[in-house]
Amino acid sequence: MDKEKAVIEFLMTCPKIQGTPLYFNFANAANNTKQLITMANEKALHRPYIDGSVHKRYTLTLIDFKSVAYQPIVSAAISSNENLEDFLQVQDIIDWVDGQNELRNYPNFGQDCYIENMTVLSDSPDLNGVDTKSNPALAKYSISIQIDYLDESKVIWK
Amino acid sequence: MASTLNLALHERAQRKSLITVAEWETPGEGNTSVQHREILGRRVEDSSIELNPDIQTSTDILGITYSDVAKTEPQQTLDPAYIMGGSDLSSYLSDAMLENNIAAYNGRFNVYIISAFIGDATNGYKAVKHSGCSIIPTSIGGDAYVAMPLEIHFSNDITKGTVDKLSDDFVFTADVTI
């Protein structure tokens, strides 16, 4: 089973990702564009068990580009600050992933792989930087999603 | 006569090819009983069958040392052994442990040790059956997930034979001694 395709199909059910441009590895960055970046998953972290199954980890990063507003936070208008609203939209993605984990609703890695846990590696989005050369300027938020699963494809006991 | 390994020259037998399977019965409807079988060792990284030999040594006046094994008390520890969905053994032993039902452990299990590195699907895989073993949970708890470490005490009441397949519905065929 292609895990990248499974994860893409799964993430596209997220309300904050649906309907927005979603790129894989390469992105034409613009406001609200999202980019999935694959990460090499170290084989050294694999944990084999005596029955032939192996505990593995799949990790990827989701980048969310948001246009920057040159807008100070004024206490009376805090709820309408664009930068804060954009940040909270990315936060919603984190909360959605956590919620799906609670419901044990996971991507489909195939019948030989059993997903045990899916978690975002931080409680809040990481601001990687702001590209002021683009127009409008773009803030780049990232969240990393880690999926722990049991690969039973090499188990000989059926 | 020694068994023939189904391994290439210098190939090591993978740990997954040494399989321990527990078999036990629980009451069914009426006077029937339900047979259960379950492979042991899911999510266990390391476990060995310890023979615990009782070795008696003596040295004669010529300086020759003799070592005799008086007996063995084979035992295998599975730690961690998590309570897992779909595991009949988890269900059976956790009930027994929480109710302190010692009779549920003692001599209630047949345990098969299957050497999948000897034999094949056509002729069967070498297996020995220990009848009347005890599988004993030693604790319950842990950190993130509920673990119930187990000790398997083999009976040494052994029947040698083969199994026809590597799944819970195997048929064990005892060797015939003529």
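**Figure 1. The largest pocket and its lining.** Leu150(A), Arg42(B), Arg43(B), Tyr82(B) and Met84(B) lie nearest the centre of the largest pocket, which is lined by 45 residues in total. This is a predicted model, in which local features need pLDDT of at least 70 and side-chain atom pairs count only at pLDDT 80 or more, while totals for chains, interfaces and linings use all residues. Residues are numbered from 1 along each chain as its sequence is written, chains are lettered from A and ligands numbered from 1 in the order in which they are written, and side-chain values use heavy atoms, with hydrogens and water left out. A pocket here is an open set of points on a 1 Å grid over the protein atoms alone, with protein on both sides within 12 Å along at least five of seven lines; a cavity is a set of points where a 1.4 Å probe fits but cannot get out, and lining residues have an atom within 4 Å of a point. The volume of the largest pocket is about 1200 Å³, counted as the space filled by probe spheres set on grid points that are joined across faces, edges and corners. Two or more lining residues come from each of β5 (113-120) and β7 of chain A, and β2 (33-39) and α1 of chain B. Helices (H or I, at least four residues) and strands (E, at least two) are DSSP runs, numbered from the N terminus. By class, the pocket lining holds 21 nonpolar, 10 polar and 14 charged residues; Ala, Val, Leu, Ile, Met, Phe, Trp, Tyr, Cys and Pro count as nonpolar, Asp, Glu, Lys and Arg as charged, and the others, Gly among them, as polar.

**Figure 2. The largest cavity, with lining residues from chains A and B**. Have a look inside: this cavity holds about 60 Å³ of space, and the model has 3 cavities of 30 Å³ or more. Ile50(A) and Asp51(A) are among the lining residues, as are Arg15(B), Lys16(B) and Gln76(B). Strand β1 (residues 18-27) of chain B gives the largest share of the lining, 3 residues. The lining divides into 5 nonpolar, 2 polar and 3 charged residues.

**Figure 3. The contact between chain A and chain B.** With contact meaning heavy atoms within 4.5 Å, 14 residues of chain A and 20 residues of chain B take part. About 1600 Å² is buried between the chains, 60% of it from carbon and sulfur atoms. On the chain A side, Ile50(A), Ile156(A) and Trp157(A) lose the most area, together 57% of what that side buries. Buried area is the accessible area (1.4 Å probe) that two parts lose on being put together, summed over both.

**Figure 4. Salt bridges between and within chains.** A salt bridge puts a side-chain nitrogen of Lys or Arg within 4 Å of a carboxyl oxygen of Asp or Glu. Chain A and chain B share 3 salt bridges, and one joins Arg47(A) to Glu45(B) at 3.5 Å, N to O. Over all chains there are 11 salt bridges. Within chain A, Asp151(A) pairs with Lys56(A), their closest N and O atoms being 2.8 Å apart. Asp151(A) sits in strand β7 and Lys56(A) in strand β4 (residues 54-67) of chain A, so this pair ties together parts that are 95 residues apart in sequence.

**Figure 5. Backbone details in the loops.** The peptide bond from Asn135(A) to Pro136(A) is cis, with omega near 5 degrees; Pro136(A) is in the loop between β6 (126-131) and β7 (138-151) of chain A.
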